[in-house]
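Please look through the sequence and the structure shown below before reading on. The report that follows takes up one topic at a time, beginning with a charged pair.

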Amino acid sequence: VEEHETCGYDAVEVLVGAEVRGRFCGGDLPPRMRLEGSTGFTIALSSDAAVQGRGFAVEFVCSSSGTTAPPTIPATAAPTQVTAVPTAAPTKSPPPVTPRPRTPVPETPEPVTAVPPVPTPPPRSTPVPESTPALPATGAPTADVALSLKDDDGRTVRAASGSIGDGYATYPAEEELSVTVVGDDCELTWTAFDVEEHETCGYDAVEVLVGAEVRGRFCGGDLPPRMRLEGSTGFTIALSSDAAVQGRGFAVDFVCGATSEPVATPAPLPPSTPAPTREVEEVPCGTATLRPGASAVMCDVTRGYDVVVSRVELWAETGGFLCGAPRLRLDLGDASRSMKVAEGRWVATDVDVAVGAGEAVGVRVKNENFLVCRADVRVRVTFVRSA
């Protein structure tokens, strides 16, 4: 069962009625226990949303007679060190479980610090050459080449066909990656696309360049149109990202020197406009104790300018041995989320709620647990300043 010095994440409890006789976690076998004076017992397993172990096994024998009385075990919710009970009665030991090494998880969250403003993306560090660099004329172009910006950043490849992707599950922040393909009259067909949305693609973007000419600049979640780069001898795919939101990336297939049905040429790009001011501000909203079913406004912040709330993070600890990981409902404007919060850890959810200048940003949190448990809740929100 997941290791923790107070068994605050996952735990196995031994209860007699409502009394906790023992609470255990980790990889070591708990000591043998005799529950004298009891008429029964309960074994309870609770787990959070993060790390899980392989579980447990225990054997029991119930009898109306006994020999030596065991030491009294304090009835507290915290883990109790129980002394082994000497006895002449035959017992069985469960098979040994080899403890697994675990990385300690901090019991308290790190202090919240303000995130510095995101600077305007600098000019591309590596200028796109005016013409495609010449490659040694050795053999025919390669077909079905698979390229990724992650592994092939900065490469120039002679190819007749293939595919290009970013190579990440989620592309990284503050990156400028590119790959160049040499081939005549290439045709591009997009098969996947998820890049941060913006009306002028001023934050993150994927560009298609022929020499220094930008033939297309794309962002958002829709597939860009199919493109034929007639009259070209090659092209470059470039991805740029800022420090804030990242998407899952893109994938595009290409064929060079092919003839197929006509492809619509994308409309000329409008004159570039500067990206709006983008400032990220993380605000702690304090703490509150929520009884079962109770709710409270955890954050009520007013700004003198338009903002977008892009992220809300919750942290909670509960009281009561049957609580487990608390389930909280988050309400912010039109956004509503029901979240299972890992005990003693920050859990984040992305939102997109616009708040006008002078309006209050109210984050309401409700404790959806209806057992005998309370929730000590903390909240922090992230604002993105609009233009």
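Predicted model: local features only at pLDDT ≥ 70, side-chain atom pairs only at ≥ 80, totals over all residues.

Because Arg217 lies in strand 10 and Glu207 in strand 9, the pair ties together parts that are 10 residues apart in sequence.

## Other salt bridges

How many salt bridges does a search of the whole structure find? The search finds 9. One of the pairs is formed by Arg226 and Glu187, whose closest N and O atoms are 3.0 Å apart. This pair links distant parts of the chain, for Arg226 is in the loop between strand 10 (213–218) and strand 11 (227–228), while Glu187 is in strand 8, and the two are 39 residues apart. Arg226 counts as partly exposed at 26% relative accessibility, and Glu187 is buried with a relative accessible area of 12%. Salt bridges that share partners also bring in Arg228, so that Glu187, Arg226 and Arg228 are joined into one network.

Another salt bridge is formed by Asp152 and Arg155, with the closest N and O atoms 2.9 Å apart. Is Asp152 buried or exposed? At 9% relative accessibility, Asp152 counts as buried, while Arg155, at 42%, counts as partly exposed. Asp152 is found in helix 1, which covers residues 149–152. When its neighbours within four places in sequence are left aside, Asp152 is in contact with Ala146, Leu147, Ser178 and Val179.

In soluble globular proteins, nonpolar side chains tend to be buried together. Here the largest nonpolar core has 31 residues, and those with the most contacts inside it are Ile164, Leu188, Trp190, Phe235, Ile237 and Phe250. The elements that give two or more residues to this core are strand 4 (145–148), strand 7 (176–182), strand 8 (187–194), strand 9 (205–210), strand 12 (234–240) and strand 13 (249–255). Which strand supplies the largest share of this core? The largest share, 4 residues, comes from strand 9.

Strands of a sheet pair through backbone hydrogen bonds, either parallel or antiparallel. In this model, an open sheet of 5 strands has the order 4-6-13-8-11, with mixed pairing. Its edge strands are strand 4 and strand 11, each of which pairs on one side only. Within the sheet order, strand 6 (residues 161–165) and strand 13 pair in the antiparallel sense over 5 bridges. As one example of a bridge, Ser161 has Val255 in strand 13 as its partner.

## A nonpolar patch on the surface

Nonpolar residues are also found on the surface, where Phe41, Ile43, Leu45, Phe56, Val58 and Phe60 form a patch with about 590 Å² of accessible area together. Val58 has its place in the loop between strand 3 (42–46) and strand 4. Because exposed means over 50% relative accessible area, Val58 counts as exposed at 52%.

## The chain as a whole

The protein chain has 1 helix and 21 strands. Of its 387 residues, 38% count as buried. The chain exposes about 21200 Å², of which carbon and sulfur atoms supply 53%.

Among contacts in the chain between residues at least 6 apart in sequence, 74% join residues at least 24 apart. Arg374 and Arg291 show how positions separated in sequence can meet in space, being 83 residues apart in sequence and 4.5 Å apart from C-alpha to C-alpha. Arg374 belongs to strand 21, residues 374–385, and counts as partly exposed at 28% relative accessibility.

Definitions and conventions
Residues numbered from 1 in each chain as written. Heavy atoms only, no water. Core = buried A, V, L, I, M, F, W, Y, C linked by side-chain atoms within 4.5 Å. Buried < 20%, exposed > 50% of the residue type's maximum accessible area, 1.4 Å probe, protein only. Contact = heavy atoms within 4.5 Å. Patch = residues over 30% accessible without salt bridge, like charges linked within 9 Å, V, L, I, M, F, W, Y side chains within 5 Å. Areas by Shrake-Rupley, 256 points an atom, 1.4 Å probe, with all protein chains shown as cover. Salt bridge = Lys/Arg side-chain N within 4 Å of Asp/Glu carboxyl O. Pairing = 2+ DSSP bridges.
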